[in-house]
Amino acid sequence: MNYKNIFWGLLLIVLGTLFALQNFNYISINWDSIWQFWPLILIFVGINSLVKRDSTAKVGFILGLVFLVGFFIFIFTSVSFQSESDNSFNYNDEEKGIFNKRDKKEVNNQNFFQEMDSGVSSAKLNFQGAAGSFDLKQPTSKLFEAKANLSNGEYIMERINNGKDQEITLKLADQNISFNGKFKNEVSMMLNTKPEWQMDFEFGAGSAEIDLSDYLIKKLSVEAGAASLDLKLGDKSKNQEVVIEAGASSIDIDIPRSAACQITTETGLSSTDFEDFVKISDDLYQTENFSTSPNKIIITLSSGVSSISVSRY
């Protein structure tokens with residue numbers, strides 16, 4: 001019996017369950033406090049890597065279970081359950097493209113937008129979201145739109161206008177915000193499909209659903225902590241660069257069969273599943289059409305203890 005696989009399997013199942021419950025607003029987890037204990041994962045990985053023989057594997061498995069039980073007892077002491085409340089308006093700033101309203105439990109509901117100029121040919125989006133739930137899916141006729149629901153703080157939007165080149169930054173006003181007790185941090189974003197986009201996402205614990213199948217993508221960078229990331233890429237661009245750095249995360253990437261793809265990995269103890277890829281070397285994978293397809297996606301993956309899946313659609 002492979003005790004290591006059992007431990008990591010249980011860990012991923014429980015984390016996935018917690019992420020799902022939070023996404024459906026059944027619970028709210030204090031990820032900010034939990035993430036302070038991430039070095040314990042490295043300590044356990046170090047102990048577990050020393051276990052080689054079956055005679056000592058059981059000891060490692062028992063220690064792993066103790067670690068797992070203790071870890072999730074701490075998580076559930078940081079869980080609170082969500083409830084609904086009535087809304088009342090706070091203030092608006094239409095000139096800056098910002099609309100806010102706050103509910104009785106101090107949840108700040110914000111709307112952001114930047115109008116599209118017909119001369120814009122390229123744009124960059126910077127997003128810094130700490131811990132929470134984030135998505136980027138359907139397009140918009142504006143250059144950028146976003147809706148944010150956040151307790152204990154607010155987001156701010158900044159714009160750099162270089163004529164045909166635009167840069168939008170959406171970030172927390174207070175980077176040292178503390179998510180204690182009940183909290184909510186949800187952001188939905190929409191982009192215009194005409195410009196060629198560069199994107200830089202930074203977030204800690206939580207989940208992100210990013211569908212870029214309708215967009216022209218030059219480069220996408222994602223830096224995440226203990227997160228669940230669902231990413232869908234398209235074939236609108238001839239060359240797309242994707243760089244993902246993650247800690248203990250679940251990463252699922254969908255790429256189109258019409259585009260060739262190359263994956264370079266630095267994945268530590270992560271599990272990987274690359275559908276229809278040819279292994280070129282220990283850390284290099286390519287699709288069979290990589291040398292012939294005009295459209296190429298270059299992915300670089302760096303992670304610690306993660307589950308990574310790349311599928312083709």
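Before we start, one definition: strands here are DSSP runs of E, at least two residues long, numbered from the N terminus. And please keep in mind, everyone, that this is a predicted model.

With that in hand, let's begin at S151, which sits in strand β8, residues 144-151. Is S151 buried or exposed? With a relative accessible area of 5%, S151 is buried, because the cut-off for that word is under 20%.

Now to the charged pairs. How many salt bridges are there? The count comes to four. One of them joins the side chains of K137 and E209, at 3.1 Å from N to O. K137 is in the loop between β7 and β8, while E209 is in strand β13, so this pair ties together parts that are 72 residues apart in sequence. Both partners are partly exposed, K137 at 40% and E209 at 37%.

Next, have a look at R257. Its salt bridge with D276 has the closest N and O atoms 2.9 Å apart. R257 lies in the loop between β17 and β18 and D276 in the loop between β19 and β20, so parts 19 residues apart in sequence are tied together. R257 also pairs with E275, at 3.3 Å.

Last stop, the surface. E202, E223, E245, E266, D282 and D283 form a negative patch there. Of these, D283 belongs to the loop between β20 and β21, and at 35% relative accessibility it counts as partly exposed.

Thanks, and I'm happy to chat!

Conventions. Residues numbered from 1 in each chain as written. Predicted model: local features only at pLDDT ≥ 70, side-chain atom pairs only at ≥ 80, totals over all residues. Heavy atoms only, no water. Patch = residues over 30% accessible without salt bridge, like charges linked within 9 Å, V, L, I, M, F, W, Y side chains within 5 Å. Areas by Shrake-Rupley, 256 points an atom, 1.4 Å probe, with all protein chains shown as cover. Lys, Arg positive; Asp, Glu negative; His and termini not counted. Charge placed at Lys NZ, Arg CZ, Asp CG, Glu CD. Helix = DSSP H or I, 4+ residues; strand = E, 2+ residues; numbered from the N terminus. Buried < 20%, exposed > 50% of the residue type's maximum accessible area, 1.4 Å probe, protein only.
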